[in-house]
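Subject: Structure handover

Hello,

Below is the structure, followed by notes on what turned up in it. Please keep it open while reading.

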Amino acid sequence: MHVPIANSGKAHGQDSDGPTLMKSGLKLGHLQMLVALEDLGQVSAAAEALHMSQPAASRMVSEMEAIVRAPLCERIARGVVLTTYGAALAKRARKILLELREAGRELSELRTGRGGSVFVGAVTAPALSLVVPAVRRVTSAYPGIEINVQVETSNILARELMAARHDFILGRIPEDINPQQFHMHEIGVERACLIVRSGHPLLKQALASLADLTRYDWVFQPPGTLLRRTLEDIFVRADLPMPANIINMTSLLLTVAVIRDSNAIAPVALDMAQFLVGQSSRAGEIRILPADFDITVKPYSLITMRERALPPSARLLYDMILEQSRILSETTSFAPL
């Protein structure tokens, strides 16, 4: 059953071209609502995101369906899902909203004389080894550029990129997303390791085996994330059960807090572990646990949307990150694949 629509008196299959939609009253708010529905899957959540009441959001959906003369979403057990008509319109709506955002960005730059803004997302390892040095170089050479960085899992970053909230990301495409809509420039593998507190019992031996680790609590990223799946595969190949006590946690800060005050073990990106170990604060009480196996996550890439051109400021940072990856490949054991 779809969300109720006004009676148009015409068949749902009747075409509506662009001028007809505009003359019929399709507004920017309608497009924002449709995109929010696709992203959030609930009318109440979309209403909250757009700062309106749920009844007002429902009326807006009905208005849209009356304008396009087709059902745009259907009710399911936990919310709503877009119909074929809704998905087609949402795809166009995203492009329109992105162009308006870029227009606003360009006008702001012209008015203020600033160098533009960049929105980039990255998984942990390249955020430390590539994004931070590249940002430093860009802001030093072009101090007017405003750079926004989000560090998250690839599952979240890919969807943020699709929703036009990032110009580009450094990560991987999740298995449940069609890769054909992206352009990917492969950079390198992400090496991970295990961290424990200073004084952990396993630090007394030269190398910890996988069998040794199952006796302790673990702090993992949520199920389905790449690093989690990588560790699960390692346990499966060794024919060993997963640790009995697992805490699922997305926050690195909270992960460090749990590790520091217990005998728990956590897998993290090697670059992040080395950064933590080098700190003089209580975060520096973390140690890398030597193990008799390697943790190597599949390659990550610089990822953009195929049909979306990078603005000049974003292209500048993108190129700086590529240059930084070449510098690292020449000076360290880090090597592009």
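The term covers the range between buried (under 20% relative accessible area) and exposed (over 50%), with a 1.4 Å probe and protein chains only.

Two remarks on the basis of these notes. The model is predicted, so local features need pLDDT of at least 70 and side-chain atom pairs count only at pLDDT 80 or more, while totals for chains, interfaces and linings use all residues. Residues are numbered from 1 along each chain as its sequence is written, and side-chain values use heavy atoms, with hydrogens and water left out.

Salt bridges

R165 forms a salt bridge with D39, and the closest N and O atoms are 3.8 Å apart. A salt bridge here is a side-chain nitrogen of Lys or Arg within 4 Å of a carboxyl oxygen of Asp or Glu. R165 is in the loop between helix 7 (154–162) and strand 5, and D39 is in helix 2, so this pair ties together parts that are 126 residues apart in sequence. Helices (H or I, at least four residues) and strands (E, at least two) are DSSP runs, numbered from the N terminus. D39 counts as partly exposed because its relative accessibility is 31%.

The search of the whole structure gives 13 salt bridges. Another of them joins the side chains of R94 and E38, at 3.1 Å from N to O. R94 belongs to helix 5 and E38 to helix 2 (residues 28–40), so the pair ties together parts 56 residues apart in sequence. R94 is buried, with a relative accessible area of 16%, whereas E38 is partly exposed at 34%.

A salt bridge is also found between the side chains of R326 and E323, at 3.0 Å from N to O. These two residues are three apart in helix 12, which means that about one helical turn separates them. R326 has a relative accessibility of 41% and so counts as partly exposed; E323, at 29%, is partly exposed too. Through shared partners, salt bridges join E38, D39, R94, E160 and R165 into one network.

Aromatic pairs

The whole structure has three aromatic pairs. F168 and Y318 make an edge-to-face pair, with 5.4 Å centre to centre and 85 degrees between the planes. Rings of Phe, Tyr and Trp (its six-membered ring) pair if their centres lie within 6.5 Å; planes under 30 degrees apart count as stacked, over 60 as edge-to-face and the rest as tilted.

W218 is in strand 7 (residues 218–220) and F235 in helix 9 (residues 226–237), 17 residues apart. W218 is buried because its relative accessibility is 0%, and F235 is buried with a relative accessible area of 0%. Ring pairs join W218, F220 and F235 into a cluster.

Y318 has a charge over its ring as well: R315 lies over the face, 4.8 Å from the ring centre. The cut-offs are NZ of Lys or CZ of Arg within 6 Å of the ring centre and within 35 degrees of the ring normal.

A buried histidine

Where is H200? It is in the loop between strand 6 (182–197) and helix 8 (210–213). H200 counts as buried because its relative accessibility is 1%. Apart from neighbours within four places in sequence, H200 is in contact (heavy atoms within 4.5 Å) with Y216, N263, A264 and I265.

Surface and whole chain

L28, I96 and L100 form a nonpolar surface patch with about 250 Å² of accessible area together. Patches take residues with over 30% relative accessible area and no salt bridge, joining like charges within 9 Å and nonpolar side chains (Val, Leu, Ile, Met, Phe, Trp, Tyr) within 5 Å. Accessible areas come from the Shrake-Rupley method with a 1.4 Å probe; for residues, only the protein chains shown count as cover. I96 sits in helix 5 (residues 84–112).

The protein chain has twelve helices and eleven strands, and 43% of its 337 residues are buried.

Regards
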